[in-house]
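Please open the model in your viewer and keep the selection tool at hand. The tour below moves from one selection to the next and says what is found at each stop.

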Amino acid sequence: MSDRGYRRPRPLSPLREHLRDTFWFAPTMGFVCVFVLWFVATELDDAIVRLLQREEAYDELGDLIGFSQDTKTVVTTVSSAMMTFIGVVFSISLVAVQMASGQLTPRVVRIFVRSRISKLTMTVFLATFLVSLLVLSSYESETDPRRVVSVPLVQSLLILVLVGMSLLLFVVYVSATLRLMQVGPVVDRIARDSFRVLGRMPRGPQGDDEVGPETARVVYEGRAGVLRDVNTARLVRAARRQGVVLRVIPRIGDFVVPGTPMLAVHGGAVPPRLRLRYAVSVSVERTLHQDLAFGLRQLADIALRALSTSVNDPTTAVQCLDRIVQFLAAVAHLPLGTVHHRDRAGRVRLVQDGPGWDDLVDLAFEEIRWCLAGSPQVSRRLMAGLDDLLLIVPEDRRKSPARHRELLVQTMERGVPVAADRAFALLPDRQGIG
């Protein structure tokens, strides 16, 4: 095959993606920034006091002391109320996240954890509380302008700014949390994340180069879990220095256990173990960092739960099918499957298997088709989506959508005995039942 559509992987750090999946890093960095800001504000306050004393502007300095004493009440109130406010806000948020995960899929909790507004709100709230404590420690009992050492003027202004930011972020955060409880915004967020992954990932074959016979294998020795990241740049360098071709045996998203083969070596000996360290990352769950199919997996999960007898929400399933068809239409003309990563000299050094077109179509429609009996709204939307894909996809990729269309007809023939009802259920409709 040609190189059309191949994109080299961007130099994204797996560490950055892993930190985005944590909720502690942003507040920790916020604490560091708060101490720096407080130190700078303290130095400015001391400089202002020294300047006014040197100029013998005691009246102006007395006014500043009075202003700081007035703001002390505000700072004390903020300090005593902020932690209670934080606890109430995030308790309500956790309840909202729990409701969303129960209604849609537990995977939506990941959206909350990776949400920038959630982390920024938590960081600013905790920073406001910490600054209030630091500012209270800066107040002096001395009120004589000639003997005072420090007046927390800039520090008081800093706490007032943080309080204003906290109130503003509280409104934005509540709005974002309420959107997390709505089906449309959650499905849209999953789709946007999937397109973001698609835009930065290498995909499809990069030539038909022969990699040679397999000469050795490297077994996995870490903890059991889901393969979430492959450091392609590190593996390409290791293969180039050893003069071999490496092949990643499991796919991104596969569950691996210690002792199973992780890498196959073609054309030589295994690279030194030191060069292969941190080449793969295993975690407890899948992520969208390099997993092209995980977005479809989440959309299918939401649709399946909506079609269950306990939920019975076919409109949600239709919304998921809208995004599924959108994603498949976007990848319809892109090369998929095995990716050949090359070094700077243009030689293939790493082979990585990925989902092909048929894999993505099966993931998108197979389980949903099994569960849509008795839901003409979903069957009509699915029929319309398959018809749209048959018009969009190239000739060599029409077999899989056509197969699912035929199976959909057979499913409805078995499940709907009345011909009129069956004809209604198989009528293509992009709104399901408009």
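**Salt bridges between helices**

Begin by selecting E367, which counts as partly exposed because its relative accessibility is 34%, where buried means under 20% relative accessible area, exposed over 50% and partly exposed in between, with a 1.4 Å probe and protein chains only. Before going on, note that this is a predicted model, in which local features need pLDDT of at least 70 and side-chain atom pairs count only at pLDDT 80 or more, while totals for chains, interfaces and linings use all residues. Residues are numbered from 1 along each chain as its sequence is written, and side-chain values use heavy atoms, with hydrogens and water left out.

R297 counts as buried, at 18% relative accessibility.

Next select R323 and D188, which form a salt bridge with their closest N and O atoms 3.1 Å apart. R323 lies in helix α11 (residues 314–331) and D188 in helix α7 (residues 183–200), so that the pair, 135 residues apart, links distant parts of the chain. R323 is partly exposed at 25% relative accessibility, and D188 is also partly exposed, with a relative accessible area of 21%.

Then move to D291 and R286, whose side chains meet in a salt bridge of 2.7 Å, N to O. Which of these two is buried? D291 is, with a relative accessible area of 3%, whereas R286 is partly exposed at 22%. In total, the structure holds 21 salt bridges.

**Cavities**

Select I65, S68, Q69, Y139, E140, E142, V148, S150, V151 and P152, which line the largest cavity. Here a cavity is a set of points, on a 1 Å grid over the protein atoms alone, where a 1.4 Å probe fits but cannot get out, and lining residues have an atom within 4 Å of a point. The volume of the largest cavity is about 40 Å³, a volume being the space filled by probe spheres set on the points, which are joined across faces, edges and corners.

Conventions. 1 Å grid on protein atoms, 1.4 Å probe; cavity = no way out; pocket = protein on both sides within 12 Å on 5 of 7 lines; lining within 4 Å. Salt bridge = Lys/Arg side-chain N within 4 Å of Asp/Glu carboxyl O. Helix = DSSP H or I, 4+ residues; strand = E, 2+ residues; numbered from the N terminus.
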